[in-house]
Amino acid sequence: MSANSKQLLQPGAEAVITKGWLGAHRWLILRRSSQIGILLLFLVGPWFGWWIVKGNLSFSHTLNILPLTDPYIILQSLLAGHVSDKMALTGVLIVTVFYLLVGGRSFCSWVCPVNLLTDAAYWLRVRLGIKGSAHISRQTRYWILGMTLVAAAVTGSIVWEMVNPVSMMHRGLFFGFGLAWAVLLAVWLFDLFVMRHGWCGHLCPVGAFYSLIGKWSLTRIRLPLRTACNDCMDCFAVCPEPQVIRPALKAIGGTPPLILEANCTNCGRCIDVCSKDVFVFGTRFNHSVATVAGVSQVTPK
Amino acid sequence: MDNENTPSTAARRQFFADTARMACGVGLLGLGVGLYARHARALPPAAIRPPGALAEADFSAACIRCGMCVRDCPFNILHLAKPEEPLSTGTPYFVARQLPCEMCEDIPCVKACPTGALDHSLKDINKAKMGLAVLVDHETCLNFLGLRCDICYRVCPVIDKAITLDPQTNTRTGKHTLFIPVVHSDQCTGCGKCEKACPTEVASIKVFPLTMAKGQLSAHYRLGWVEKEKAGGSLVAPDAAHQYNMPEGMKYEHGKGLSPMPVQPPGVSAAPAPAPAPANGLPKALQGNKL
């Protein structure tokens, strides 16, 4: 196999040719900037004493004005029998409204630090050519989500937080890891050797919770140019939740040109790698399609 | 293929098999997490919660492990528990022997708590109940050995209330006094300053979580002297003044002990004055030294 043809096998290679490297990595760069930027916002406090943000992803206070609370942990707390104070509940409201606007699982791809870890595992998995993957249903995360809620109600304490790798990573970065690194290493190795997109795509109840918000969220990937698709499969190759693309791309069951599946993380990587510009960001109410000539029209319902 | 194995039957079987597999797998995971969590239910003896923390069972439902209390503690005494530590992962605590609570008057850690896991109704830090100091080892306490160390007593932010020095006879020397540090649970805030300051190699006075340090009388117990005070007099029988058989020329007073009898002017009886008659109108036969 020549070096050239091997490069062409890489998803997004064609997009790099048509749009340039920057054009074919735009959302990826923005996303990494968001993930790392948010970590830095939290880290400059403990590092330099610049307290822009205090706390962690469970609850944070920005500039002593803006409270942000993880609705999932407050739900567990509620089921365990505690009604939180106004401050935490205000944060829940703000975060819920925010993710209703930008897309529930945007949390996973734009904010969550574990995504950096699991993306790195996936990147290495591809480079090492690891093919096999354990099969567990992607519905497992909802079972685990349910289990964490039942466990909170039964034990009267927020038990999932004792082992939750998501909060462990964030908390560890700002308050000291201890042995949390071992838990995170386990997640990384699991994703690398055991299961493709294992943690974020199949198991994580935090992502499962945010996907419930995502069922009704406003910001969506639109496919105004889905007719231009040349079936190169690059979007499927890069998508962490590839099952969400097909209904919208192939208009299965009259699906509008919108990815309405709750588990789309709005990462925007499909936009990057598509050389035909099939995908754009838009709202869930915009059903319009563009013809190749650029004229908009509304699909019949 | 079996005749009964129509596509719909097969699909149904598959559905039940998948559901059972999922429920069992996740149930097992849940059981593991639940059992692991049970281990962390009781606080280890050295871990003290910040002021205002709810009782441990309620705290584990209320604390979302955000670390705001840790950030707002001006003395950086608080830590969030790491996974390997024997208390609920991510929850705040301090170790008194390392750094005790400095008892800030404005209680910033409580103010920072967004959920109320640290109770916002705590306004006076002297009312905090983080734990309870216990003079855990009499054998190494310097005051018990007869020295005037008194450090725990001196550093106590609620001085002379949470810890008092109770004089006792030093029976070893026969002529000195032991000043025994006594902790009063109604005043002790559990800040841990005494434990931090204790000069022995391993602290002789330690702060423990309240559940560990505090005993409780059974509900039916009554303290006679308390009941007596409440009733304004003895409930069973009127008090009789105690009669002592003293050496000649000596008298005995409670708390002071033996002392020489003041020289009485002639004509006045040396016998102790009769006890004042109780005002409860009991028959005379039941009063005073007749009992």
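Q: Why is Arg32(A) called partly exposed?
A: Its relative accessible area is 24%. Buried needs under 20%, and exposed needs over 50%. The value of 24% falls in between, so Arg32(A) is partly exposed. This is a predicted model.

Q: What makes the pair Asp119(A) and Arg32(A) a salt bridge?
A: The side chains meet with N to O at 2.8 Å. The cut-off is 4 Å between a Lys or Arg side-chain nitrogen and an Asp or Glu carboxyl oxygen, so the pair qualifies.

Q: Why does the pair of Asp119(A) and Arg32(A) tie together separate parts of chain A?
A: Asp119(A) sits in helix H7, residues 114-127. Arg32(A) sits in helix H3, residues 26-48.

Q: Are Arg138(A) and Glu241(A) buried or exposed?
A: Both are buried. Each therefore has under 20% relative accessible area.

Q: What makes Asp124(B) and Lys127(B) a salt bridge?
A: Their closest N and O atoms are 3.4 Å apart. The limit is 4 Å, so this pair in chain B also passes.

Q: Why is Asp124(B) called partly exposed?
A: Its relative accessibility is 34%. That lies between the 20% and 50% limits, so Asp124(B) is partly exposed.

Q: Why is Lys127(B) called exposed?
A: Its relative accessibility is 59%. Exposed means over 50%, so Lys127(B) qualifies.

Q: What makes Arg105(A), Arg138(A), Arg141(A) and Glu241(A) one network?
A: Salt bridges that share partners join these residues. Over all chains, the structure holds 16 salt bridges.

Q: How do you know that the radius of gyration of chain A agrees with a compact globule?
A: Chain A has 301 residues. For that number, a compact globule would have a value near 19 Å. Chain A has 20 Å, so the two agree. Its C-alpha atoms fill a box of roughly 55 × 45 × 40 Å along the principal axes.

Q: What share of the 301 residues of chain A counts as buried?
A: The share is 51%. In chain B, buried residues make up 36% of 291.

Q: How many helices and strands make up the secondary structure of chain A?
A: Chain A has 15 helices and seven strands. Chain B has eight helices and eight strands.

Q: What share of the contacts in chain A between residues at least 6 apart joins residues at least 24 apart?
A: In chain A the share is 71%. In chain B, residues 24 or more positions apart account for 58% of contacts with a separation of 6 or more.

Q: Why is Thr62(A) called buried?
A: Its relative accessibility is 18%. The limit is under 20%, so Thr62(A) counts as buried. Thr62(A) lies in strand S2, residues 59-62. Beyond its neighbours within four places in sequence, Thr62(A) contacts Ile52(A) and Val53(A).

Q: What makes the phi of Asn64(A) worth a look?
A: Phi is positive, about 55°, although Asn64(A) is not a glycine. Most residues other than glycine have a negative phi. Asn64(A) lies in the loop between S2 and strand S3 (66-69). At 58% relative accessibility, over the 50% limit, Asn64(A) counts as exposed.

Q: Where is Met233(A) found?
A: Met233(A) is in the loop between strand S4 (219-222) and H13 of chain A. Met233(A) has a positive phi too, about 70°, and is not a glycine. At 47% relative accessibility, between 20% and 50%, Met233(A) is partly exposed.

Q: Why is Val273(A) called buried?
A: Its relative accessible area is 2%. Buried means under 20%, so Val273(A) qualifies. Val273(A) belongs to helix H15, residues 269-273. Not counting residues up to four places away, Val273(A) touches Gly12(A), Ala15(A), Asp234(A), Cys235(A) and Val238(A).

Methods. Residues are numbered from 1 along each chain as its sequence is written. Chains are lettered from A and ligands numbered from 1 in the order in which they are written. This is a predicted model: local features need pLDDT of at least 70, side-chain atom pairs count only at pLDDT 80 or more; totals for chains, interfaces and linings use all residues. Side-chain values use heavy atoms; hydrogens and water are left out. Helices (H or I, at least four residues) and strands (E, at least two) are DSSP runs, numbered from the N terminus. Buried means under 20% relative accessible area, exposed over 50%, partly exposed in between (1.4 Å probe, protein chains only). The radius of gyration is taken over C-alpha atoms; the globule rule is 2.2 Å times the number of residues to the power 0.38. Contact means heavy atoms within 4.5 Å.
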